[in-house]
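Hi,

Here's the structure I promised to pass on.

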Amino acid sequence: MIFRRKLAALLVLLGLLTAAFFPAIISGAYDIKAGQVFSIIWAKAKGQSEPKGASRADQVIVWRIRLPRVILAVAAGMALSVAGVAYQGCFRNPLVEPYILGVSAGASCGASLAIVFPNHFPGTQITAFVFALMAVMISYGLARNRGQISPVALVLSGVIVGALFSAVVGVMKYLAADTQLREITFWMMGGLYYATWADARLAAAVIGPAFLLIWYFGWHLNVLSLGDEEARGLGLNPTQIRLLLVAVATLAASVCVSICGIIAWVGLMAPHAARFVFGPDNRWVAPGAAILGAVYLLVCDTVARTLTAAEIPLGIITSILGAPYLLWLLRRKGGEIYGQ
Amino acid sequence: MANDLVSPVLVGADLPSPSPSASELGVDQGPAYGQDPAFAHDPAGHRDGVGERALMKVREVRFSYGTKEVLKGVSLEVKPGCLQGLLGPNGSGKTTLFKCCLGFLKPKSGLIEMDGVSIGSLGTRRLAAKVAYVPQEHYPSFPFTVSEMVEMGRFPRRGRLPILSRRDREAVAGALARVGLEKLAGDSYVRLSGGQRRLVLVARALAQEAEIMFLDEPTSSLDFANQLVVWETVRSIAAEGLGVVICCHDPNHILWFCDEVAALKGGRILAQGKVGQTMGRDLLEELYGRSIGVEKVSGRTFIYP
């Protein structure tokens with residue numbers, strides 16, 4: 001019975017995601033009728049390069065600008081949420097977010113280096129990605145003590161590595177010319193302004209499998225969250241599975257951050273919201289958080305690009321909406337969810 | 001109850017000389033203790049003649065943290081149907097011995113084997129299907145329900161997909177019924193009382209369907225009635241043929257509920273054997289380094305300061 005109820009909740013969330021898709025694709029700064037939007041998508045999806053009855057501008061806006069952006073929003077929401085689920089389980093701490101091991105600081109560092117020294121680095125996106133992975137690897141390396149890695153040491157070294165990389169970002173900001181400074185600031189606030197099909201494909205290719213893998217290991221994550229010794233007692237080698245899950249979550253989060261910049265709060269909020277619906281079982285929290293995160297980011301991005309004439313950075317919207325929600329959730333429902 | 005008062009038997013006055021009999025295991029157990037008349041009969045009804053085949057054999061295990069040697073050649077046997085208490089002061093190496101037996105720590109030397117195979121070569125998952133662990137009081141970071149907690153006992157027997165089979169669900173339901181908590185299956189584990197939480201952990205170990213169960217101080221911080229419930233549950237589990245080893249700080253509990261005892265001090269086994277023949281005032285005084293009284297009241301033996 002509980003299973004049926006949870007399954008129904010998951011289906012409702014999927015419906016919600018579908019419902020959020022329509023306003024996201026229809027609305028925008030440039031007014032295109034809903035029917036026109038769908039006929040363009042339908043025709044393009046069937047492989048027609050030049051659908052009849054649609055202006056060139058409409059086609060470009062719907063197919064080349066809005067659709068990849070919507071896909072990217074969904075992928076990024078899934079990536080951050082499911083990475084949050086994996087990190088929280090691995091570190092046995094419901095307040096951990098995907099940036100805890102230095103993903104965001106590393107990516108910011110890489111992005112700012114690439115912006116300030118464009119001739120020395122291969123491009124903002126790839127540099128941000130490489131630096132994000134590098135930061136996490138350094139955190140992991142520092143936390144290693146006699147072959148063992150304790151979650152506390154890992155979180156601590158993540159904070160330290162994050163501080164180091166942030167310091168480099170500070171240096172870059174100091175050195176940057178005015179336009180570069182503006183670019184760095186915008187990059188760090190996060191947004192999907194430049195979404196292309198290449199970005200969407202890359203994100204889907206990495207984030208899809210990462211999500212499935214973390215979902216598949218949801219039960220492992222439950223056992224792991226009890227602590228290393230208990231996990232061993234239940235037949236799970238905690239070191240291996242933690243390395244695998246952290247690696248997968250980091251990869252997904254790094255791809256997402258390198259494409260979209262730093263989008264705050266989703267990775268912390270979506271897992272909590274999912275736990276509110278499904279309870280703590282990660283076999284349900286993983287898909288629930290992924291869908292909730294996707295819906296949330298899709299809605300926030302739609303708001304970001306339609307609320308005012310100029311676009312608002314996505315990271316600002318997610319924080320403004322997210323922080324009060326999390327506060328409400330913890331104050332009103334914290335007792336139920338966390339048993340205090 | 002007042003009429004039941006019998007004149008206390010003073011023990012220790014006529015202790016027989018320690019018997020020099022070699023250990024059944026053929027290993028050095030230190031001086032033999034006991035044969036205290038106060039323990040000759042025990043109303044708890046310690047079972048004799050439990051199976052001779054040992055489920056787990058621990059031989060001359062040594063372990064050190066850095067340069068500090070914590071286990072200095074410990075040998076032990078876990079027998080089916082036997083409830084074995086592990087007694088010893090703080091820092092005597094009980095927990096370390098537990099962790100070695102459960103595969104959490106790798107002994108520096110010596111051997112721990114099951115069915116003639118070293119547990120080090122079994123792998124975490126196969127070992128967990130044979131040896132279950134009931135940890136001390138803990139508070140998980142996430143508020144799993146009681147049934148979710150017990151389901152995790154099926155983890156070592158999982159299939160390729162993280163889905164419970166009918167067999168798994170039956171084992172979970174059976175284990176919950178066994179400890180009398182089937183009505184709480186949907187409740188949050190962290191909201192239960194301390195005694196109920198211990199029983200959930202015992203149920204999880206039962207769902208594991210292992211041959212041996214190790215319990216780390218299962219009654220610490222429980223009230224008197226809950227301590228009795230946990231002990232009675234554990235006794236009945238041993239009666240069904242599991243080998244049960246309990247780390248315990250109350251020598252009275254070992255006297256009342258255990259079949260056998262192993263006393264550990266300074267990383268060595270001081271004495272081991274049947275409770276009635278091993279637990280005596282001299283052993284306890286040696287263990288804890290202070291004078292201890294032992295008396296028999298209403299047919300039961302009590303240890304007091």
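Let's start with the hairpin of E10(B) and E11(B): two residues sit between the strands, and B:Gly266 takes a positive phi near 55°. Before going on, this is a predicted model, where local features need pLDDT of at least 70, side-chain atom pairs count only at pLDDT 80 or more, and totals for chains, interfaces and linings use all residues. Residues are numbered from 1 along each chain as its sequence is written, with chains lettered from A and ligands numbered from 1 in the order in which they are written.

Strand E10 (residues 260–265) of chain B runs antiparallel to E11(B), joined by six bridges (strands are DSSP runs of E, at least two residues, numbered from the N terminus; two of them pair if DSSP finds at least two bridges between them). B:Glu260 has B:Lys274 in E11(B) as its bridge partner. Strand E11 (residues 268–274) of chain B is largely enclosed by the rest of the structure, because five of its seven residues are buried (20 or more other C-beta atoms within 10 Å of a residue's own, with C-beta atoms placed from the backbone).

Then there's the meeting of the two chains. On chain B, 23 residues are in contact with 25 residues of chain A (C-beta atoms, placed from the backbone, within 7 Å). Chain B's side divides into 15 nonpolar, five polar and three charged residues (Ala, Val, Leu, Ile, Met, Phe, Trp, Tyr, Cys and Pro count as nonpolar, Asp, Glu, Lys and Arg as charged, and the others, Gly among them, as polar).

Cheers

Notes:
A residue is buried if 20 or more other C-beta atoms lie within 10 Å of its own, exposed if 12 or fewer, and partly exposed in between; C-beta atoms are placed from the backbone. Helices (H or I, at least four residues) and strands (E, at least two) are DSSP runs, numbered from the N terminus. Two residues are in contact if their C-beta atoms, placed from the backbone, lie within 7 Å.
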